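Work through the exercises below with the sequence and the 3D structure in view. Try each task before reading its solution.

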Amino acid sequence: MRTTLVATALVLALGGAATPAVAAPPAPHSTTAQPGLPALLAQLPNGNATAALVRVGGTQGTFTGSGGVHDLKTQNPADPRARFRVGSVTKVFTAAVVLQLAGEGRVDLDRSVRAYLPELIPASYQHVTVRQLLNHTSGIPSYDSGSGDTLDAWYAHRFDRHDPAAMVRQATSQKRLFEPGTQQKYDNIGYTVAGLLIEKVTHDSYAHQVQRRILKPLGLRDSYFPGADPTIHGPHNHGYQEFVKADGTKELRDVTIWGATEAFAAGDLISTTADLETFLRSLFRGEVVRGPLLKEMFTTPGPNVHLYGTDEPSAYSAGLETMELGGRQVWGKTGGRWGYNAVIAATPDLSRTLVYSVNSTDAKGKDMNPTALTIVATTFGPPTHH
């Protein structure tokens with residue numbers, strides 16, 4: 001999310017009225033009230049979200065709350081302990097494992113990725129380094145799944161299985177977008193390669209490495225990798241996507257069951273707000289990635305490296321992204337899978353932390369979900385203009 005786009009969307013989200021999706025929303029569950037958030041959750045479900053789970057922490061006050069419904073059929077209140085798809089928040093876990101391996105001397109961030117995966121990365125991409133995978137400056141183009149380019153086509157292919165190595169071969173068979181290290185373009189492909197790099201170096205699955213190195217040590221018992229299973233196991237609130245029917249009318253379709261194999265190490269994790277809050281605080285405290293390597297997660301390529309196709313400076317680091325909100329720097333990561341949006345975000349000193357899951361009705365839309373935007377603005381303040 002970029003400052004100018006988020007600023008515009010925040011104005012709309014804070015000033016516009018939401019259209020109710022269903023009548024009589026249940027009362028939100030909350031503890032330690034935070035101004036603005038209980039009222040927001042009480043409005044759910046609305047036209048852009050059916051449920052939301054929110055955790056705010058830090059020295060400036062705490063809040064834990066939920067609002068909306070478990071599902072539209074029963075209208076039962078949303079489960080505050082629910083598991084959900086975190087989408088690209090997975091990238092933070094993947095980056096942390098690569099940086100741990102770097103700390104162990106098993107990976108060199110400045111070494112060519114091809115040196116580790118010579119059978120997979122072609123000579124045309126021999127100058128891409130491991131660091132450039134993590135900070136989205138590799139120049140590798142997106143993977144084309146062949147599943148079409150419309151929502152209905154993606155829905156029809158929701159159970160397709162994708163092989164990460166084949167995804168990388170398809171992407172690297174194309175011409176690079178730019179010289180590695182010269183621009184920044186956010187994409188999943190770098191983290192797909194990073195997941196395969198973890199597997200090559202450790203002779204183990206990337207999912208098991210995250211489990212062994214992060215999930216188990218931190219006690220994140222409600223977080224797991226689904227693999228090829230398209231369902232969410234354990235308590236969870238249903239996710240919905242707005243579809244346009246042939247006659248032009250709209251309908252909300254249950255998209256809770258949807259495969260995530262094309263996301264792999266870039267976006268397939270399932271978790272809870274409690275687990276993500278524990279991870280966020282542990283990461284920022286230096287308990288996950290230790291020593292100087294933690295700086296990689298709080299360092300962008302610099303003002304001379306611009307976002308692809310724009311004149312805006314780079315905003316992504318190894319795993320995280322940054323922007324100014326309420327006059328202060330905030331670091332975190334957003335994520336989106338069909339029916340679910342998630343975020344982890346905090347000030348560097350952890351004086352303010354935010355974790356949410358929003359059951360968005362257009363979770364992979366062009367603009368950030370209005371309910372999610374309002375949660376961010378209420379927690380940190382609006383984007384800072386320069």
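**Exercise 1.** Is Leu-41 buried or exposed?

Solution. The model is a predicted one, in which local features need pLDDT of at least 70, side-chain atom pairs count only at pLDDT 80 or more, and totals for chains, interfaces and linings use all residues. Residues are numbered from 1 along each chain as its sequence is written, and side-chain values use heavy atoms, with hydrogens and water left out.

Step 1: recall the cut-offs. Buried means under 20% relative accessible area, exposed over 50%, and partly exposed in between, with a 1.4 Å probe and protein chains only.
Step 2: apply them. The relative accessible area of Leu-41 is 1%, so Leu-41 is buried.
Step 3: Leu-41 is found in helix α2; helices are DSSP runs of H or I with at least four residues, strands are runs of E with at least two, and both are numbered from the N terminus.

**Exercise 2.** Find where the buried residues of helix α7 lie around its axis.

Solution. Step 1: list the residues. In α7 (residues 164-172), Pro-164, Ala-165, Met-167, Val-168, Ala-171 and Thr-172 are buried.
Step 1: look down the axis. The buried residues of α7 fall within an arc of 160°, so they line one face of the helix; the arc is that of the directions from the helix axis to the C-beta atoms.
Step 2: find the partner. These buried residues pack against α8 (189-202), where contact means heavy atoms within 4.5 Å.

**Exercise 3.** Describe how helix α3 packs against α8 and against α9.

Solution. Two packed helices are described by the angle between their axes and the distance between the axes.

Step 1: take α3 (residues 90-103) with α8. Their axes come within 10 Å and cross at roughly 40°. Axes are lines fitted to C-alpha atoms, for helices over the stretch in contact, and angles run from 0 to 180 degrees between N-to-C directions.
Step 2: classify the angle. Under 35 degrees counts as roughly parallel, over 145 as roughly antiparallel, 65 to 115 as roughly perpendicular and the rest as oblique. The helices α3 and α8 are therefore oblique to each other.
Step 3: list the contact. From α3 come Lys-91, Thr-94, Ala-95, Val-97, Val-98 and Leu-101, and these meet Tyr-191, Ala-194, Gly-195, Ile-198, Val-201 and Thr-202 of α8. The residues of this contact divide into eight nonpolar, three polar and one charged. Here Ala, Val, Leu, Ile, Met, Phe, Trp, Tyr, Cys and Pro count as nonpolar, Asp, Glu, Lys and Arg as charged, and the others, Gly among them, as polar.
Step 4: turn to α9. The axes of α3 and α9 come within 10 Å and cross at roughly 80°. That angle makes α3 roughly perpendicular to α9. Among the residues in the contact are Phe-93 and Val-97 of α3 and Val-210 and Ile-214 of α9. The division for α3 with α9 is eight nonpolar, four polar and one charged.

**Exercise 4.** Which values of phi do His-203 and Leu-350 have, and is each residue buried or exposed?

Solution. Step 1: His-203 lies in the loop between α8 and α9 (206-218). Its phi is near 55°, a positive value in a residue other than glycine. His-203 is exposed, with a relative accessible area of 71%.
Step 1: Leu-350 is in the loop between β12 (340-346) and β13 (353-360). Its phi is near 65°, again positive in a residue other than glycine. Leu-350 counts as buried, at 8% relative accessibility.
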